Amino acid sequence: MTESTVSRRRAHRRLLQSARPQEAVLVSPHEAVGRVAAQDVVAHCDVPEQACSVRDGFGVRSQDLQDAKPLNPISLKVTQTIRAEAVDVQPVKQGECARVLTGGMVPPGADAVLAEEDVEVTDDSIRVSDPVRLGWFIRKAGGEIAKGDVIAHAGEEITPQAAAVMMRTRINSIQVHTTPHVRIIALGSELSDPCCCGEEDCDGGRFPADNIVLTTGLLGRSGCEVVQSGVLPDNKARLTNVLSDPDLPEVVITTGGTGRSERDFARSCALEAGFKTVFDRLDIRPGRNMFAAHRGKTMLFCLPGPPAAVFACYHAVILPFLRHLRGFPKEQPVTARLEKGISARPGGEWLVTCGLYFKEGSLIAVPYVGKEVPPMLAIGRAKGVAVLSGGDSILPGGQVEIISPVFA
């Protein structure tokens, strides 16, 4: 390893030192879905707010029915009907009951609910043939959620179901980290815009910039927003001008132009545009020519052009950084059992494209290696990458570290 080449873990440390999680903003719960809580979110009220019935039935005083028998039923007068939205509820007195629909408030004085099918209903009364148990068919106040219960912890992503619970507990706004914005630039005169690539656009050997589709999709799955993407031909002045823009978003990703030929000038353009190098090369394969640089609020990731390298570098380096920006805590490695054995050549870390599935409660990784699964086909089938140290040989059933947005 040369002095300018760093390990994946050292690259992570440098990146995290160069950036902090996105600022926190106040949004409504439904606007917070997919974002990360900046602080614990607690219920503002009990659910239900007061004791309510879980069945259509009759609110009664259990002591009135303690002597009820099939041969000696007890009659209770129905004095009111209470629906879920009712607020003007009268107390139940001795010898009385109240018809209560599901979700309706249990009236003062009542301490049990009898289901409709368990009583004999007359015009204005019910006949009960058995005693009733205290608290029967009643959900007490706070029985589902108590005021102050934690609905989402700081560092957790807000799910749709969590947002719904927040709204139900009268939460109007919560603190979440803002969504990182990303710009994607595919470098290469041989590329055309994949969104408008007709036959005339691909003349002269040009082909659609598949890396734009790849990175846009990966970023979407990672909870980020792509604000701009496009193709830039091999033109040093144009790339320098684009990277010199003072209003670049928090993250910029370029693909291509990181090699050592005369047409690979991503590094020099970044430096001319005022970026400072975070790391120059990575001790990983594929993707060792990847580099990162930082200027102001913007982190620049310059990836090699082959889609297999883009896929590997994104998972190994960019994904953990984006999760840090979004406000997630540092995650523990995920491991899987190998479906078949695999060996890595000496040198650095090897990122092996793999499929993933569950079997009998275990996560299984299927490495896509060898001539039968070429790199382009492999990323089309892949769900993540497996990390192997140089020189490792792992037998079928052995454990391997997995990086995937599915399990992040």
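Biologist: How much space lies in the largest pocket?
Modeller: About 660 Å³. Keep in mind that this is a predicted model.

Biologist: OK, and which residues lie nearest its centre?
Modeller: That would be Arg-8, His-12, Pro-320, Lys-330 and Glu-331. They belong to a lining of 26 residues.

Biologist: Which helices and strands each supply at least two residues of that lining?
Modeller: Helix 1 (8–18) and helix 7 (307–326) do, along with strand 30 (399–403).

Biologist: Which one gives the most?
Modeller: Helix 7, with seven residues in the lining of the largest pocket.

Biologist: And how do the residues of that lining divide into nonpolar, polar and charged?
Modeller: There are 15 nonpolar residues, seven charged and four polar.

Biologist: Switching over, what volume does the second largest pocket have?
Modeller: About 350 Å³.

Biologist: Who's closest to the centre there?
Modeller: Trp-350, Leu-351, Val-352, Tyr-368 and Val-369 are, out of 18 residues that line the second largest pocket.

Biologist: Where does the largest share of that lining come from?
Modeller: From strand 26, which puts in four residues. Strand 26 spans 349–359, and strand 25 (342–343) and helix 8 (375–381) also supply at least two residues each.

Biologist: What's the split into nonpolar, polar and charged for this one?
Modeller: The lining of the second largest pocket has 13 nonpolar residues, three polar and two charged.

Biologist: Remind me, how many charged residues were in the lining of the largest pocket?
Modeller: Seven.

Terms used:
Residues numbered from 1 in each chain as written. Predicted model: local features only at pLDDT ≥ 70, side-chain atom pairs only at ≥ 80, totals over all residues. Heavy atoms only, no water. 1 Å grid on protein atoms, 1.4 Å probe; cavity = no way out; pocket = protein on both sides within 12 Å on 5 of 7 lines; lining within 4 Å. Points joined across faces, edges and corners; volume = space filled by probe spheres on them. Nonpolar A, V, L, I, M, F, W, Y, C, P; charged D, E, K, R; others polar.
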